[in-house]
Amino acid sequence: MEVNPDELYHRTLRVWGKEPQMLQVIEEMSELTKEILKNVNRKKDNIKELIEETADVEIMLGQLKVCYDIEKQVESYKADKLKTIQQRLDDWEKKK
Ligand SMILES: [Mg+2]
């Protein structure tokens, strides 16, 4: 069965509600935070958990963008930000 993520995100917000889904964004981000900390601070081998929590956060960020109708603005800001990061890296590496 083919899944259309955008349609699914609209459906989650319609069926489960915007507020619960936005709280779920926070919950999933905190789960990913926890796994990153375990990996970096405690040197835990938790790649499976990192994969799962990263996917969870990406799915929830998809819903957040649909919820606030900001998909295009995020895409545009992200493109600009990536150029800025690239420029900073170029400058940084030139200094060395
Ligand atoms: Mg999770």
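Trainee: What share of contacts between residues at least 6 apart in sequence join residues at least 24 apart?
Mentor: That share is 64% in this protein. Two residues are in contact if their C-beta atoms, placed from the backbone, lie within 7 Å.

Trainee: What kind of model is this?
Mentor: It is a predicted model: local features need pLDDT of at least 70, side-chain atom pairs count only at pLDDT 80 or more, and totals for chains, interfaces and linings use all residues. Numbering starts from 1 along each chain, as its sequence is written.

Trainee: How many helices and strands are there?
Mentor: Four helices and zero strands. The pattern along the sequence reads α-α-α-α. Helices (H or I, at least four residues) and strands (E, at least two) are DSSP runs, numbered from the N terminus.

Trainee: What about the radius of gyration?
Mentor: The protein has 17 Å, whereas a compact globule of 96 residues would have a value near 12 Å. The radius is taken over C-alpha atoms, and the globule rule is 2.2 Å times the number of residues to the power 0.38. The C-alpha trace spans about 55 × 35 × 30 Å along its principal axes.

Trainee: How much of the protein is buried?
Mentor: Buried residues make up 9% of the 96. A residue is buried if 20 or more other C-beta atoms lie within 10 Å of its own, exposed if 12 or fewer, and partly exposed in between; C-beta atoms are placed from the backbone.

Trainee: Is helix 4 well covered or hardly covered?
Mentor: Hardly covered. The count of buried residues among its 25 is zero. Helix 4 takes in residues 71-95 and reaches 36 Å from its first C-alpha to its last, close to the 36 Å expected. The expected span is 1.5 Å times one less than the number of residues.

Trainee: And how far does helix 2 reach?
Mentor: Helix 2 has 24 residues and reaches 34 Å, close to the 34 Å expected.

Trainee: At what angle do helix 2 and helix 3 pack?
Mentor: At about 150°, with their axes 9 Å apart. That makes helix 2 roughly antiparallel to helix 3. Axes are lines fitted to C-alpha atoms, for helices over the stretch in contact, and angles run from 0 to 180 degrees between N-to-C directions. Angles under 35 degrees count as roughly parallel, over 145 as roughly antiparallel, 65 to 115 as roughly perpendicular and the rest as oblique.

Trainee: Which residues meet there, helix 2 to helix 3?
Mentor: From helix 2, they include Val25, Met29 and Leu32. From helix 3, they include Val57, Met60 and Leu64.

Trainee: Switching to helix 1. How does helix 1 pack with helix 3?
Mentor: Helix 1 covers residues 5-16, and the angle with helix 3 is about 70°, axes 9 Å apart. The two are therefore roughly perpendicular. Helix 1 brings Pro5, Asp6, Tyr9, His10, Thr12 and Leu13 to Gly62, Gln63, Val66 and Cys67 in helix 3.

Trainee: And helix 1 with helix 2?
Mentor: The angle is about 120°, and the axes are 6 Å apart. Those two are therefore oblique to each other. Thr12, Leu13 and Trp16 in helix 1 meet Lys18, Pro20 and Gln21 in helix 2.

Trainee: Back to Gly62. Where does Gly62 lie?
Mentor: In helix 3, which runs over residues 47-67. Gly62 is partly exposed, with 17 other C-beta atoms within 10 Å. Leaving aside neighbours within four places in sequence, Gly62 is in contact with Pro5 and Tyr9. Val25 is 37 residues away from Gly62 in sequence but 9.6 Å away in space, C-alpha to C-alpha.

Trainee: What does Lys65 touch?
Mentor: Ile70, Glu71 and Val74, not counting residues up to four places away in sequence. Lys65 lies in helix 3 too. Lys65 and Asp6 are 59 residues apart in sequence and 9.9 Å apart in space, C-alpha to C-alpha.

Trainee: Now the loops. What is phi of Lys43?
Mentor: Near 55°, a positive value in a residue other than glycine. Lys43 is in the loop between helix 2 and helix 3. Lys43 is exposed, with 8 other C-beta atoms within 10 Å.

Trainee: And phi of Asp69?
Mentor: Positive, near 55°. Asp69 is in the loop between helix 3 and helix 4. Asp69 is exposed, with 8 other C-beta atoms within 10 Å.
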